[in-house]
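Try each one before reading its solution.

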Amino acid sequence: MSDRAFFSQYLDAWGSGDVDALMTWFTDDIDFRDTTTRHGARGIERMRRFAEASFASFPDSRFELVSCVSDGRSFAMEWIMRPADIPGVSFGRLDGRRVAEQRDYWDGRLMP
């Protein structure tokens, strides 16, 4: 699978509203931070709660992949959160084909 296909599918999981499907993308010791909201999670159970809260807060959100790069261990991707048209970037670390660490950066002033 190409990097573009991998990250497109990962962002599709974020837009699905399906917490169980999203959790399959993370390592058990995931370290996730949304720097804009100053929220995040360490560990899969906290990540589950973070995802549930995100899906409840933004039920209609989906993500469009703009660009991505990965060397198989680290990654960067640029995305647009729809329908609000909010651009953002994520940087992180992979463990195999699962996300072990991720930092999201986006402009919260653009939230409707």
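**Exercise 1.** What covers the buried residues of α3?

*Solution.* This is a predicted model, so let us read it step by step. Start with the helix: α3 runs over residues 44-57. Its buried residues are I44, M47, F50, A51, S54 and F55. They lie on the same side of α3, because they cover an arc of only 130° around the axis. Now look at what lies over the buried residues: the cover includes α1 (3-16), α2 (19-23), β1 and β2 (39-42).

**Exercise 2.** Decide whether T27 is buried or exposed, then find its contacts.

*Solution.* Then check the side chains, where T27 and D29 make a polar contact of 2.8 Å. Finally, beyond neighbours within four places in sequence, T27 is in contact with I44, D95, R98, V99 and A100.

**Exercise 3.** Which residues does G72 touch, not counting those up to four places away in sequence?

*Solution.* Begin with the loop between β3 (62-70) and β4 (74-82), where G72 is found. With a relative accessible area of 43%, G72 is partly exposed. The residues it touches are L94 and G96. For G72 and G96, 24 residues apart along the chain, the C-alpha atoms are separated by 7.5 Å.

Notes: Residues numbered from 1 in each chain as written. Predicted model: local features only at pLDDT ≥ 70, side-chain atom pairs only at ≥ 80, totals over all residues. Heavy atoms only, no water. Polar contact = N/O pair within 3.5 Å; in protein donor to acceptor, adjacent residues only side chain to side chain. Contact = heavy atoms within 4.5 Å. Helix = DSSP H or I, 4+ residues; strand = E, 2+ residues; numbered from the N terminus. Buried < 20%, exposed > 50% of the residue type's maximum accessible area, 1.4 Å probe, protein only. Expected span 1.5 Å × (residues − 1). Arc of directions from axis to C-beta.
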